[in-house]
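Please examine the model below with attention to its charged and aromatic side chains. The report that follows goes through them group by group.

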Amino acid sequence: MNVNTILLIEDTSDILDNLTEYLEMQGYKVHGASNGKVGIEMAVEFLPDLIICDALMPGMDGHEVLHTLLATAKTADIPFIFSTSMSEIIDKEEALKMGADDYLVKPFALQTLLIMIRKWINSGSGRKKFAF
């Protein structure tokens, strides 16, 4: 059986630890990164099936992470979900325009996260390409 891999990029250690534990209990292999730079390195090394990234992080924020991953051939097709406290419609629109596949506003229900993960992993087609 092939186990799906998720990369979590989150600078808040409690959130990273809790989400990692929850997703592992759901049967996923999870790699965790506490900042954007490490997240990019892990994405290139492990080529996860899905990346969930905090948008607001010190140093390299989620937008810079997404931009770098989209510009890297090995990681450009990995589905990418922003996890953020930015709840304004304009924030979501901007994230989707720049190439994010989905947008999850914190705090979120774990069941909502699971539905979103299954949607992107089970689609089997990787990143959706849209022109704006």
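The text below treats salt bridges, then aromatic pairs, then a surface patch.

This is a predicted model, in which local features need pLDDT of at least 70 and side-chain atom pairs count only at pLDDT 80 or more, while totals for chains, interfaces and linings use all residues. Residues are numbered from 1 along each chain as its sequence is written, and side-chain values use heavy atoms, with hydrogens and water left out.

**Salt bridges**

A search of the whole structure finds four salt bridges, a salt bridge being a side-chain nitrogen of Lys or Arg within 4 Å of a carboxyl oxygen of Asp or Glu. Three of them are listed here, among them two that involve lysine 106.

| Pair | Closest N to O distance |
|---|---|
| aspartate 54 and lysine 106 | 3.4 Å |
| aspartate 102 and lysine 119 | 3.1 Å |

Lysine 106 lies in the loop between E5 and helix H5 (110–122), and glutamate 10, 96 residues apart from it, in the loop between strand E1 (5–9) and H1; helices (H or I, at least four residues) and strands (E, at least two) are DSSP runs, numbered from the N terminus. Aspartate 54 belongs to strand E3 (residues 50–54), so its bridge to lysine 106 ties together parts that are 52 residues apart in sequence. Through shared partners, salt bridges join Glu10, Asp54 and Lys106 into one network.

Aspartate 54 is buried at a relative accessible area of 5%, and lysine 106 also counts as buried, at 19%, where buried means under 20% relative accessible area, exposed over 50%, and partly exposed in between (1.4 Å probe, protein chains only). In the bridge between strand E5 and helix H5, aspartate 102 is buried at 11%, whereas lysine 119 is partly exposed at 47%.

**Aromatic pairs**

The structure holds two aromatic pairs; rings of Phe, Tyr and Trp (its six-membered ring) pair if their centres lie within 6.5 Å, and planes under 30 degrees apart count as stacked, over 60 as edge-to-face and the rest as tilted. Phenylalanine 80 and phenylalanine 82 are edge-to-face, at 5.1 Å centre to centre and 85° between the planes. The rings of phenylalanine 82 and tyrosine 103 have centres 6.4 Å apart and planes at 70°, so this pair is edge-to-face. Phe80, Phe82 and Tyr103 thus form one aromatic cluster, in which phenylalanine 82 has 0% relative accessibility and tyrosine 103 has 6%.

**Surface patch**

Asp14, Asp17, Glu21 and Glu24 gather in a patch of negative charge on the surface; patches are made of residues with over 30% relative accessible area and no salt bridge, like charges being joined within 9 Å and nonpolar side chains (Val, Leu, Ile, Met, Phe, Trp, Tyr) within 5 Å. Aspartate 14, in helix H1 (residues 13–25), is exposed at 53% relative accessible area.

How values were computed. Accessible areas come from the Shrake-Rupley method with a 1.4 Å probe; for residues, only the protein chains shown count as cover. Lys and Arg count as positive and Asp and Glu as negative; His and the chain ends are not counted. The place of a charge is taken as NZ of Lys, CZ of Arg, CG of Asp or CD of Glu.
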